[in-house]
Amino acid sequence: MTLTLALILFVAYACATTTTPPATPQQAETMHGIASWYGQEFAGRTTANGEIFDPLLLTAAHRTLPFGTILDVKSSLSGKVVRVRVNDRGPFVGNRMIDLSYAAAQQIGLVEPGSGEVDLVIVQIGKGDREPPAPYVVTVPPSPKGTLTDREPPPIEIAPPPPPPPVQAPTPEPVKPVVVENIQVETIQAPKPAPPPPAPAPVSTQRGYSVQVGAFAIEANAKELLQRLTKLGEQAHIDTGKLYLVRIGPFPSREQAIKTRERLEASGLSAIIVGN
């Protein structure tokens, strides 16, 4: 009886001191596939979550991930990584897994080849259809080495001009009677009207290739970028339509447009080549 009781106590003590090893944390899920990009031809259009597509913001299109999901996209060829936010659906062509904006594709060296293999790591799952779209405000980087951002700039407060001083009407002088004698009437011809001023020269519609540096919904941002290009010695102009397009050119050949784009990228500015 004593031996049996001792054996029961020993087994109970052994079970009580046994510890379960801690669970190892799960690593972030990595997906591998083909990525492509889309840019100026879709600028100003509405994305699947209600935002306005801007090719110069770091966004992406995915078929199933919830809107607002944050992804790290790594190029298998260049090894570079860019962080994007899902705000659109696609791609719907072939076996592609994700569509990047022009700015995101440029950061990992995917613009020239058009597509390539990438690894996707989910940083944060979005709220899906319940997430409100981000406000569409395009900002110009403050320096040539500035980075692209989705943040909205603080509003600029402009004080109204002071009211003009009141103008007092002059006191009319009394009319004196005038005696007219021996008036000779002489016919005077009216002077010919001056010719109208010449019309301003329209923006050149010459066929060729232009270098587009930005597409804005706010005219003030487009003018700010235009002033910045002027300081760099570039002859840029603004084409208006649904958006304010800041462009340089047109150039008669694509090679000249490529040289201009390379010069801008050396100064820290993103640019794309479009045909007129």
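Which residue in E9 is the bridge partner of Tyr-209? The answer, Phe-251, is taken up below together with the other strands around it.

## Basis of the model

This is a predicted model, in which local features need pLDDT of at least 70 and side-chain atom pairs count only at pLDDT 80 or more, while totals for chains, interfaces and linings use all residues. Residues are numbered from 1 along each chain as its sequence is written, and side-chain values use heavy atoms, with hydrogens and water left out.

## The six-stranded barrel

Six strands form a closed barrel in the order E1-E5-E2-E4-E3-E6, and their pairing is mixed. Neighbouring strands of this sheet are turned against each other by 45° on average, direction ignored; the axes behind such angles are lines fitted to C-alpha atoms, for helices over the stretch in contact, and angles run from 0 to 180 degrees between N-to-C directions. Strands here are DSSP runs (E, at least two residues; helices are H or I, at least four), numbered from the N terminus, and two of them pair if DSSP finds at least two bridges between them.

Ala-61 has Asp-99 of E5 as its bridge partner.

Trp-37 belongs to strand E1 (residues 30-38). Because its relative accessibility is 26%, Trp-37 counts as partly exposed, a class that lies between buried (under 20% relative accessible area) and exposed (over 50%), with a 1.4 Å probe and protein chains only.

Leaving aside residues up to four places away in sequence, Trp-37 touches several residues, among them Asp-99, Leu-100 and Ser-101, where contact means heavy atoms within 4.5 Å. The side chain of Trp-37 also reaches the backbone oxygen of Leu-110 at 3.4 Å and the backbone oxygen of Val-111 at 3.3 Å.

## Strand E7 and its two partners

Strand E7 (residues 209-216) is mostly covered, with seven of its eight residues buried. Six bridges join E7 to strand E9 (residues 244-251), and four join E7 to strand E10 (residues 272-275), both pairs being antiparallel. Tyr-209 has a bridge partner in each of these strands, namely Phe-251 in E9 and Gly-275 in E10.

## Two cis peptide bonds

Gly-90 and Pro-91 are joined by a cis peptide bond with omega about -5°, and Pro-91 is found in the loop between strand E4 (81-88) and E5. Another cis peptide bond joins Gly-249 and Pro-250, with omega about 10°, and Pro-250 lies in strand E9.

Conventions
Polar contact = N/O pair within 3.5 Å; in protein donor to acceptor, adjacent residues only side chain to side chain.
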